[in-house]
Structure formats: C-alpha cells, structure tokens
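Welcome! Please take a moment to look over the model before reading on.

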Amino acid sequence: MRGHQAHIDFDSAIRDFPVELRGSKPGGVPHTAWQLLEHMRIAQHDILEFSRNPRHKSPKWPEGYWPKAEAPPSPEAWDASIKQFQQDSREMEALVSDEGQDLSQRFAYGTGQTLLREALLVASHNSYHLGQLVFLKKILTR
C-alpha cells in the first residue's frame, strides 16, 4: 500500500508538482492533477471509513468521488488534500496491520467485502491513479 518496488510511492509522485500546472489538462487528458489528487483522497477515505465504520455512507457515484473544479482553490487546498491522503493512508495501514483484525473475515454490514479486499482495492486504485499523475506531470513539464 506504500508503493515502492514495482510501484511509485505517493510522496514521490506528488513531490514538486508545479503550482501553475495543478489545474492544467492537455488535450485528450481526462483529468487534471487536482482532480486526480482529490479523487484519490476521496476514494481512499471512503474505503477506510467503510472498512472501520459500519454506519459509514459512501458518496454518490461518480459525482461524489470527483471534484468539479479543475484547479485547486488555493495552494493550501492542495497541501490539505495531500495531508489528508497521507493521514488516511497511515490509518488504513494501521488497520490492516492490527493483529486483532482478521483480514479474511467478511464485514457483517457489507456484501461480502473483507479487510483484505479493501486493502487491495486501495493499493490498486492508488497505483493506477498515481501512474496517471506521474504521466500527466511528465506531459506538462516537458
């Protein structure tokens, strides 16, 4: 879930993303860096909360998972999104690492989901979008 080895880690992917390019979308590219970052944050938070809170209500799909704005409202909003993503990532990792958790136990409130499934979902979802983010950064800064 941290990245490394065959996958880039979050901090490396997001590091030094130029402020003036965070809301840029070259032709043919579906999302800006801001939209990708916020989507990752929202989705990871939803998965974390679903995994630990039986009363959690997920946002409506797809509009609840994607910001409407193409650019962050401020550099502080970008930084806050990064901090929240990192915090939720640490909390998901702690949940999965908790020896009291049975990774293969189905959630009583789900439709067959397990903590292992949710952890793998976070890892694959983040990996996919981090790849998009890195590619976008390369396109925008060449």
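Are H2 and H4 roughly parallel or roughly antiparallel to each other? H2 and H4 are roughly antiparallel, a label given to angles over 145 degrees, while angles under 35 degrees count as roughly parallel, 65 to 115 as roughly perpendicular and the rest as oblique.

## Before we start

This is a predicted model, in which local features need pLDDT of at least 70 and side-chain atom pairs count only at pLDDT 80 or more, while totals for chains, interfaces and linings use all residues. Residues are numbered from 1 along each chain as its sequence is written, and side-chain values use heavy atoms, with hydrogens and water left out.

Helices (H or I, at least four residues) and strands (E, at least two) are DSSP runs, numbered from the N terminus.

## H2 with H4

H2 and H4 pack at an angle of about 175 degrees, and their axes are 10 Å apart. Axes here are lines fitted to C-alpha atoms, for helices over the stretch in contact, and angles run from 0 to 180 degrees between N-to-C directions.

On the H2 side, the residues that meet H4 include Leu36, Ala43 and Phe50; on the H4 side, Leu121, His125 and Leu133 are among them. Contact means heavy atoms within 4.5 Å. The residues of this contact divide into 12 nonpolar, 7 polar and 1 charged. For this count, Ala, Val, Leu, Ile, Met, Phe, Trp, Tyr, Cys and Pro are nonpolar, Asp, Glu, Lys and Arg are charged, and the others, Gly among them, are polar.

## H2 with H3

Now look at helix H2 (residues 33-52) beside helix H3 (residues 75-97): their axes come within 9 Å and cross at roughly 30 degrees. That angle makes H2 roughly parallel to H3. The crossing is left-handed, which is the term used if the near helix is turned anticlockwise from the far one by less than a right angle, with right-handed used if clockwise.

Among the residues of H2 that meet H3 are Trp34, Leu37 and Arg41, and those of H3 include Trp78, Phe85 and Asp88. The contact of H2 with H3 has 12 nonpolar, 6 polar and 5 charged residues.

## Nonpolar cores

How many residues has the largest nonpolar core? There are 21 residues in this core, and Phe10, Ile14, Leu37, Trp78 and Leu133 have the most contacts inside it. A nonpolar core is a set of buried Ala, Val, Leu, Ile, Met, Phe, Trp, Tyr and Cys residues joined through side-chain atoms within 4.5 Å. Helix H1 (10-14), H2, H3 and helix H4 (115-141) each give two or more residues to this core, and H2 gives the most, with 7.

Leaving aside its neighbours within four places in sequence, isoleucine 14 is in contact with Leu37, Trp78, Ile82 and Leu133. A second, separate core has 9 residues, including Leu48 and Phe107.

Isoleucine 42 lies in helix H2. Its relative accessibility is 15%, so isoleucine 42 counts as buried; buried means under 20% relative accessible area, exposed over 50% and partly exposed in between (1.4 Å probe, protein chains only). Not counting residues up to four places away in sequence, isoleucine 42 touches Pro59, Gly64 and Tyr65.

In the loop between H2 and H3 you can find lysine 60, which counts as exposed at 60% relative accessibility. Proline 62 is in the loop between H2 and H3 too, and a cis peptide bond with omega of about -5 degrees joins tryptophan 61 to proline 62. Finally, aspartate 16 sits in the loop between H1 and H2 and is exposed, with a relative accessible area of 64%. Its phi is near 60 degrees, a positive value in a residue other than glycine.
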